Amino acid sequence: LTALGAKLWVIQVYASAVPFWDQWDEARLFIKPWLEGRLAWGAWFAAYNEHRIFFTRLLDILVLWLNRQWDPLLQMVVNAILHSSCACALACALWAFLGRKHGGRICFMLMPFFALPFAAENILHGFQSQMYFLGIFAVAAILGLGFGAPGRGWWWGGLIAAFLSIFTMASGFLAAAAVIGLIGLRVLKARRVTRLQLVTAACCLAVIGLGLALNVSVAAHDKLKADSPLMFWAMLKDCLAWPFGDHSVML
C-alpha cells in the first residue's frame, strides 16, 4: 500500500494525459491497426527498438478494450498496481525462504526500493510496463529453475517464465544466465555436478540462445551505450548513488 500510494501520488502531481514520446509509436504501430482490424499476429512479437514487448502490448490492449478508450493515465495506474503487486510477491517469496519469519522486516527493507521514484519516467509513462514484467518473470525464473526440483511443478514454472521473459525486454534471457551462475556456485561448493544440474543448465542455455537469436541491434542507439568498462562504471555509480547523483560516494 505504501508503494502503491507513493506511485499514485507521483502520477497525481506530475502525470499528463497526453501520450508521451514512444507511446505515440504504440498508437501508430499497434493500437490503430488493432482498432481497424488489420493488426497482423506477427506484430505482437515484433521488435520495438531492441525489445519484444509482447506482454506490454497484451496489457495495453486489454486496458483499452475494458476502458473503451485509450487513456495513458489509466495505464500508469495499472502499471503502479502491477509493480506494487510485484513487491508483495517478492516479499512473500523472501518470507517463505526465511522459514516464514521476519515478515515485517522484509516489508520494511523492500518498501523503499518500490516506493521511491527511482526511474520516475517509468511511473509517468503508460508504455513502461515491460520494466515490471521483466522483474516479475526474471524473479519467477530464478526461483523456479534455481530452487525448484528439476521436473517438478515449480521447476517447469521457472522454465516457462525464463522463456517468457525474452518477450518482456531484450535482457530477459539474463535470468537464465543468473541460474547458470547459481548452479556453478553449487558445483564449486559440492565439488561435483549432478545430472539434474546439467539438465537445468542445458535448458538455461537454450533460453539464452533464443534470446540472443532474437536480438535486434538499432544503429541509432549505439551512441547511448557504454563503450568501455570505465564508462559503464561511471553510469552505474551514478545510478547506485540515486538520488545523490552529484555525490558518487553515496553509492
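This is a predicted model: local features need pLDDT of at least 70, side-chain atom pairs count only at pLDDT 80 or more; totals for chains, interfaces and linings use all residues.
Angles under 35 degrees count as roughly parallel, over 145 as roughly antiparallel, 65 to 115 as roughly perpendicular, and the rest as oblique.

Numbering runs from 1 along each chain as its sequence is written, and side-chain values use heavy atoms, without hydrogens or water.

First, the helices. These are DSSP runs of H or I, at least four residues, numbered from the N terminus. The axes of H2 (residues 22–35) and H4 (residues 54–67) cross at roughly 50 degrees and come within 12 Å. Axes are lines fitted to C-alpha atoms over the stretch in contact, and angles run from 0 to 180 degrees between N-to-C directions. H2 and H4 are therefore oblique to each other. Contact means heavy atoms within 4.5 Å. H2 brings Glu-26, Phe-30, Ile-31, Trp-34 and Leu-35; H4 brings Arg-57, Asp-60, Ile-61, Leu-64 and Trp-65.

Next, pockets. On a 1 Å grid over the protein atoms alone, a pocket is an open set of points where a 1.4 Å probe fits, with protein on both sides within 12 Å along at least five of seven lines; lining residues have an atom within 4 Å of a point. Volume is the space filled by probe spheres set on the points, which are joined across faces, edges and corners.

The largest pocket has about 1200 Å³. Its lining counts 27 residues, with Glu-50, His-51, Met-131, Met-169 and Leu-224 nearest the centre. H12 gives the largest share, five residues.

Technical notes:
Helices (H or I, at least four residues) and strands (E, at least two) are DSSP runs, numbered from the N terminus.
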